[in-house]
Structure formats: C-alpha cells, structure tokens
Amino acid sequence: MSDLKELIKTEALRSGFAHCGFTRNDTLEHLRPFYSGFIRRNGHVTLKYLESNIEKRLNPGLVLEGTKSVIALLMNYYPPEIIPQEDNFIIAKYAYGMDYHLVMRSKINELIGFMKNSRSDIQAKGFVDSGLVLEKTWAQQCGLGWQGKNTLIINKSEGSFFFIGIILTDADIEPDTPETDHCGSCSNCIEACPTGALSTPYQLDIGRCISYQTIENREDIPEELKSKLSNRIYGCDICQDVCPYNRFASLHQFTEFLPSEQLKKLRKKDWVAMTEPDFNRIFVDSPVKRVGFHRLKRGFL
Ligand code: SF4
Ligand code: SF4
C-alpha cells in the first residue's frame, strides 16, 4: 500500500503536521518488565491512570481490532516569540495558546476522514494523550525521533518542541525505519534540570519534575522542590531549551498556539494580583485552565 502511504503523508504535511511516519503493529511485549517495575516502585506517583490499560498500551490490537499499522504525527509548537522571562513567572511554551488537544484532535480526525475517503474499507482511530497508546515509543518506531536522555522525542532535524498524535489502522502500510539514539556524550538536560529529575539518564523521576509538580500534583508542592521551581508556574521547558537539537527548531505556523496580548503583558506583579475572574478570562481556551486558579497560584504565593 505504498500509494496510500504517500497519500497519507502528503495530506498530513499539507494539513500542518511537521512529520508523519509509519510502522507495523509489532508487539511491545518487551516493554512489559519496564512498565510492571515502574508501577511496582510507584514511579507514576499520583498518576493513577498509568496503572490501568497496560495490556492495551502494549497491544494496540486491543484498542482497535485488527490494527496492522501505526501512524505517528508530530505537530510543531515552538513559538515565534518567547514571552519575556525577566520579572515574570513562566509557563511552558506548549501552553502559550489554545489547548493543543482540541487542535490535534480536529487535525487527526480530518486525516482519518481523508484516509477513509481514499480507501472506504479502512478502519482507523486517532489518539492524543489518551493513555491508551505509547506515543513516544511509536514515534521512535515510526522513525520520527529518539527518546532522549530527557525522555522526550528528539527529531534530528528539528528538536523536541512537538505534540505527538497517533493513528491506529487496519491498513497494511509499509513501515519506515525506526530512529536510533543521537544523544551521544551530551548531558545538557541532565545538568540543567533544577530538581535532579533526570539523574538517571533516559528515566524521568516524575515526582521531582517541575511539570508534574505544577500541573498534575493536586497536593502542596514539597518545600524542597518549591525553592527550585525557577519561576516556573505551569510546566517547565528547561531540559528542552538546553538541548542542542532545539537550535534547529522551526517556528510553528498555528495562530491557535499564539499567546494572547493579555498573557504577553503579564509580569510578576500582575500574576500576584490576578483574580479568579481574570484567570478564567485569560485562560479560557488554554491548557493552563485545567490546573485552576488556586493550584496555579501555589507556585508563587
Ligand atoms: S521538565 Fe524541568 S524539572 Fe522536568 S525533567 Fe525537564 S528540566 Fe527537569
Ligand atoms: S540535551 Fe543532550 S542528552 Fe539531553 S536529550 Fe538533548 S541531546 Fe540528548
């Protein structure tokens, strides 16, 4: 089905994805010991959803019956303009604009519609952060990047500022070549991480990661880590900012991901003075909304 592969790839790139790759639905059974050990030693801290659906994550055929191929898609979110960090609290670049789930889901659904229009007998299902597929593993298998020492997918030509989407399909599509590791002797991310969350290369200590603490943790941020947040109040890009491959990041072209004028103007005193109605207005379509006003303010009050 090489015609179908070219059709899908061309349409994916036309619709705004930066990279699109393909692989066969081979078993991920070899990852079972790692995941079992990870859950057993409570590596997932409070992310309880990681305890369920392990069978489905290891076997996409349980998610979409008859899955033969996996398609990985990367959507660039590196912003054309960085919000000033001086005298400011910092949010991760992926959260500058509209919630990416909305944008990605709509683009993936369009691509699935295109696939079904091209071949009416195709079954396909799309995923963005669903907890049902191992996005990073599939992105590497599809040749789009490797999982770096900071545990993120690094694309050799454009770095790591990408959202990952996955499509499972029963179409049998010729696979691409999996990507290999190109971190080499670099250890920039490990050295730059303010909390030591990458002290074991290629493994994230989730509980020490600023992203987890400022976004996922519903309890108080431990005092020892609070003093290391480096003004981050929603997410943390430090281990990406220092990655040499991100010197080649292309600027995204999505107006949806641009920050509002209100967000760009905020400085520390404005964050401190922000009221709940202000928060709801500024972050109406933003991923930041999901932490809520009170949890956001934990990071600096
Ligand atoms: S996101 Fe920040 S805290 Fe988490 S591993 Fe990267 S540098 Fe460390
Ligand atoms: S900073 Fe260096 S070690 Fe870390 S992910 Fe990038 S290339 Fe790999």
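The exercises below, each with a worked solution, concern a predicted model. Local features are taken at pLDDT of at least 70, side-chain atom pairs count only at pLDDT 80 or more, and totals for chains, interfaces and linings use all residues. Residues are numbered from 1 along each chain as its sequence is written, and ligands are numbered from 1 in the order in which they are written.

**Exercise 1.** Find which residues come nearest to ligand 2, and how the shell divides by kind.

Solution. A residue is near a molecule if its C-beta atom, placed from the backbone, lies within 6 Å of it. Of the 13 residues around ligand 2, the nearest are Gly148, Cys183, Cys186, Cys189 and Cys243. For the division, Ala, Val, Leu, Ile, Met, Phe, Trp, Tyr, Cys and Pro count as nonpolar, Asp, Glu, Lys and Arg as charged, and the others, Gly among them, as polar. The shell around ligand 2 then holds eight nonpolar, four polar and one charged residue.

**Exercise 2.** Carry out the division for the shell around ligand 1.

Solution. The residues around ligand 1 include Asn150, Thr195, Ser211 and Cys236, and the shell divides into nine nonpolar, three polar and no charged.

**Exercise 3.** Describe the phi of Thr151 and decide whether Thr151 is buried, exposed or partly exposed.

Solution. Thr151 is not a glycine, yet its phi is positive, about 75 degrees. Most residues other than glycine have a negative phi. A residue is buried if 20 or more other C-beta atoms, placed from the backbone, lie within 10 Å of its own, exposed if 12 or fewer, and partly exposed in between. Thr151 has 17 C-beta neighbours inside 10 Å and therefore counts as partly exposed.
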